[in-house]
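This briefing presents a single protein chain, beginning with the chain as a whole and then turning to two local sites. Please consult the sequence and the structure while reading.

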Amino acid sequence: MSNLNSSYRHSTPQIPSNSGSSAGVCMMNTKWRDEQHPSFINFIASFLSANSFRLNFVPIAPDCIFNCGGLSVAFIFVTNWDCQNCEPIFSRVKKLKGQFANLYVVVSLPTKEQNDSFVHSYFKYGMELGKPTFVPVQDLEMGFEKIVKIAHSRGTCKRQDALSKLKAERKQSVQGMDNFLRVVTSIPGIDNHDANALNQAIGSIEAIAKASKEYILENTDLSADNAETVTKFFRDPKFYLGPKLN
């Protein structure tokens, strides 16, 4: 089990989240869990619960994987840095960074000796800055809090990107409808109501251009005169090339 280098906090910090909804899911490696002190696992469970995360123990390759906002973020959490035997840690990092697009390595370094060893080993084993990102911390609690905050912020960004895309699609749809109304209402005698009826019953301008007078009458509430005007507008050059008065 890992040595406990700090006393666990009495209060549980919280990250911003939507009240009444789950912030996400934390899947934790069962082997990693069994290597930790039970008090630390209790802290993790309480911290996740306070921040609306569900916790599942599963046999996974990383130490934990968070699913937040449709994004999966994997973590290696080194809770006991061995200055004399750190090569297996970097070998594992190199292996997992090829398997997980979003991988972070959190390392607890409570002493100067451990910090110096980490810095030396980081370059010794050919790590690239940000590939993956290493997050040194002073104690275990801080390390896990960093993990949750990283996962939450990445999930929030993913969710905001999705909302931005949805807003852009809605804006494009509204602009497309505006263009549709502009074209269809340029037909003499056709108002917004008629244009909306044509859009709902027939669809695009291309489909309306191909529709017969009979089909328009059967599927919309347009008058016979307006239905005939629509068909002539798209098919009779003398009509759609001639001057029109609205």
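Of the 246 residues in the chain, 39% are buried, that is, under 20% relative accessible area with a 1.4 Å probe and protein chains only. This is a predicted model, in which local features need pLDDT of at least 70 and side-chain atom pairs count only at pLDDT 80 or more, whereas totals for chains, interfaces and linings use all residues. Residues are numbered from 1 along each chain as its sequence is written, and side-chain values use heavy atoms, leaving out hydrogens and water.

**Whole chain**
- The chain contains ten helices and six strands, which are DSSP runs (helices: H or I, at least four residues; strands: E, at least two) numbered from the N terminus.

**Serine 117**
- Serine 117 belongs to helix H4, which spans residues 112–124.
- Serine 117 counts as buried because its relative accessibility is 12%.
- Beyond its neighbours within four places in sequence, serine 117 is in contact with Trp81 and Cys83, where contact means heavy atoms within 4.5 Å.
- The C-alpha atoms of serine 117 and aspartate 82 are 8.8 Å apart, although 35 residues separate the two along the chain.

**Helix H6**
- Helix H6 (residues 192–201) has Asp194, Ala195, Ala197 and Leu198 as buried residues.
- These buried residues fall within an arc of 160° when seen down the axis of H6, so they line one face of the helix; the arc is that of the directions from the helix axis to the C-beta atoms.
- After H6 comes glycine 203, which has a positive phi near 115°.

Methods:
Buried means under 20% relative accessible area, exposed over 50%, partly exposed in between (1.4 Å probe, protein chains only).
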